[in-house]
Amino acid sequence: MSVTTEAGTGQARRSALRELRAMKKAGLGGAGDAVVALLDELEAQGDPLVLESAGALLDAGQRAALHQENRFSDYRIALLGSSTLDSLPHLLTAELVRRRVLPEIRSAGFNQWRLEILSGAPALASLQPQLVALLLDDAAVFESVADPLDLDEVERRCAAFPQELADWAEQCRGTLGGLLVLATVPLTALRSDRLVDYRSKARLAAAWQRMNAEILGLATTSERTVVLAWETLAQHAGGAAGGFAAGDRMRHAAGHAFSPEFLHAYAAELARVVRADQGKARKCLVLDLDHTLWGGVVGDDGVAALRIGGAFPGSAHLELQALAADLKAQGVMLAVCSKNEDAVAREAMATHPEMLLRPDSFVAIAASWDPKPQAVAGLARTLNIGSDAMVFVDDNPVERGLMRELRPEVATVELPGDPARYAATVAARGDFNLLTLTEEDRVRTQLYRAEADRAELQRSTGSLDEYLAGLGSELTVEPMNELSRARIVQLFGKTNQFNLTGRRYADDEVVSRSDAGEAVFLSARLRDRFGDNGLIAALAVGRDAQGVWEVENFVLSCRVFSRYVEQAVVGLVLRAALAAGAPEVRASYARTAKNGAFAEFWTGLGFAVDAAASTPERQVYIRDLRELSDPDALPDLPSSISVVSTKEPLDVF
């Protein structure tokens, strides 16, 4: 980089930070989009010290001002470690606010990770964290080693440490709850370099790698445990594997173990974990064609001249296609947004011999001369998803800038100028990361393609009732089991439109409340003539000491709106409550930013408003069953849906 370029970059960083300071002084209320844009700009510039300063500006008062916009969510995080992590809360705040999450972060003291949990978490328990993160350096292992040159002792310590960490994790979950995020432990060069013979160096490295392999295995011990690999974080930090370590001066003067770049990468990964825990992973990768999925301009160069595969740059474009194909296999929908003639674009995808992605790899193709923000909005409508579920990849900085300006909710990838880095840049963002990959995720492309077939049937029929009858829908409703649990949690986490109270349920809460008999979690699956829609609805149903049932929340996938599924599910719950002798069924509606269309849902099903129990924030409804003795007195279930594989009445409590 030239001196002029470095000076320009530094000036841009200072300018963005000055602007953020000025906005803070004026008050951040109503400035959410501008704050997110500035943080995105600072993130792209890649200076962790400047990003830390930006995070420090976003104190509790500023976050409260942003909260008023109702487009940010809250999240509570506890941080523990074996070294000084004073910059981490600020970095994490910046990374989360740019993802529209307003964190409350609390840290334990220096190297207090063991004592804090053993003593009942006096500094952290009152926070009731939703996520607990532990970051250890190699001192956590070596502090119990009397002689670091005694490799027998070191090997014993490395062998014992994973179980010690597992015991700590179990106690931490019992004390604090929430999602637990661990990480493998990097080995500093100084530990290895003090050994003078290469056999000993190899022996130490082998023992350390075995230890970290066992730590990674802790991810399988609980649905609510995530384990990060330090090597991947170091690569994201932009340096060699050894670049994780703090400088020697900071190590001695401040007790730092990790470099600012590594802590930045760690904070960004924690932010991605938070988004996954909230069920806010993106769903659709929208790809440009010319100079993105292939080299060249198909309209000018012709299909035969496109550069795909083989030597560079064709190899880089094929690598991006391979990444997209792998994402598709894990449930990410692929779409095209290209300024091209539709027939020309489709011909290239279908006939070029090196194309890995074919037209049927995509759930939708928008190849036209419309402005791309308009085209992406059309794709979102076609797929019946929010545009905030989309990731946009385009080589043209003008198109990227226009998308950020007109569709800020779309995640626009800042591609580098070199195609060799396209795939790595898209992959490293982690926009599609999930805590658990479900079967519904794997077959999402087929589900949306079947939805297109349903739409074609609807266009060819004369009325809605005729269309629904022609679908031959079959509904299965049953209590949660091990196979459906992950998808139920995911539905509660990611559903925003038909989400009647906005309440989310984490995996550990679902398990603990089910085991304690406090609530039953139900799932609904829908099949029709075009295939399986998957698990499309989830309910949480509680029961009080008087036997009154309460639908705590009800969520439904947008894929099955207007098919009377919601009426059928509630009808089955009412019949089950009547059979169980429940005097009434209660339910609630709490308005959120996206569920306003369903404000009258419960009254439409015969529930009455309980004015005494309702508040301005939450409307409470009652369906009195005391005067009913026969299920036939309840409204009929929709005739267009057959209830199958469901015990009658539904076995809830």
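Leaving aside its neighbours within four places in sequence, with which residues is S361 in contact? Select S361 and display the residues around it: beyond those neighbours, the contacts of S361 are K328, L334 and R449. The model is a predicted one, and this holds for every stop that follows. S361 is located in the loop between α16 (342-351) and β8 (364-368). With a relative accessible area of 10%, S361 is buried, because buried means under 20%.

**The whole chain**

Now zoom out and show the protein chain as a cartoon. The secondary structure comprises 26 helices and 19 strands. Along the principal axes, the C-alpha trace spans about 85 × 70 × 55 Å. A compact globule of 653 residues would have a radius of gyration near 26 Å, and the value of 27 Å for the protein chain agrees with this. Of the contacts with a separation of 6 or more, 72% are made by residues 24 or more positions apart.

Switch to a surface display. The protein chain exposes about 28400 Å², and carbon and sulfur atoms supply 50% of this area. Of the 653 residues, 52% count as buried. If the surface is coloured by charge, there are 68 positive and 89 negative charges to consider, and their mean positions are 2 Å apart.

How far apart are R194 and L334 in space, C-alpha to C-alpha? The distance is 51 Å, for a sequence separation of 140 residues. R194 is placed in the loop between α9 (189-193) and α10 (198-217). Its relative accessibility of 39% makes R194 partly exposed.

Next select S192, which belongs to helix α9. Is S192 buried or exposed? S192 counts as buried, at 18% relative accessibility. Apart from neighbours within four places in sequence, S192 is in contact with K201 and L204.

**Backbone stops**

Most residues other than glycine have a negative phi, and most peptide bonds are trans. The following three selections concern backbone angles.

- Select N111, in the loop between β2 (101-107) and α6 (113-118). N111 is not a glycine, yet its phi is positive, at about 55°. N111 counts as partly exposed, at 28% relative accessibility.
- Select A121, in the loop between α6 and β3 (131-135). A121 also has a positive phi, near 60°, and is a residue other than glycine. A121 is buried, with a relative accessible area of 0%.
- Select F312 and P313, which are joined by a cis peptide bond with omega at about 10°. P313 is in the loop between α14 (298-301) and α15 (314-329).

**Aromatic rings**

Show the side chains of the aromatic residues. How many aromatic pairs does the structure hold? There are 17. A pair of aromatic rings is described by the distance of the centres and the angle of the planes.

Y505 is buried, at a relative accessible area of 2%, and F521 is buried with a relative accessible area of 2%.

Which residues do ring pairs link into a cluster? To see the cluster, select F498, F554, F561, F598, F601, W602 and F607.

**Last stop: T615**

Finally, select T615, in the loop between β17 (608-609) and β18 (619-624). T615 counts as partly exposed, at 37% relative accessibility.

Conventions. Residues numbered from 1 in each chain as written. Predicted model: local features only at pLDDT ≥ 70, side-chain atom pairs only at ≥ 80, totals over all residues. Heavy atoms only, no water. Helix = DSSP H or I, 4+ residues; strand = E, 2+ residues; numbered from the N terminus. Rg over C-alpha atoms; globule rule 2.2 N^0.38 Å. Buried < 20%, exposed > 50% of the residue type's maximum accessible area, 1.4 Å probe, protein only. Contact = heavy atoms within 4.5 Å. Areas by Shrake-Rupley, 256 points an atom, 1.4 Å probe, with all protein chains shown as cover. Lys, Arg positive; Asp, Glu negative; His and termini not counted. Charge placed at Lys NZ, Arg CZ, Asp CG, Glu CD. Phe/Tyr/Trp six-rings, centres within 6.5 Å; stacked < 30°, edge-to-face > 60°.
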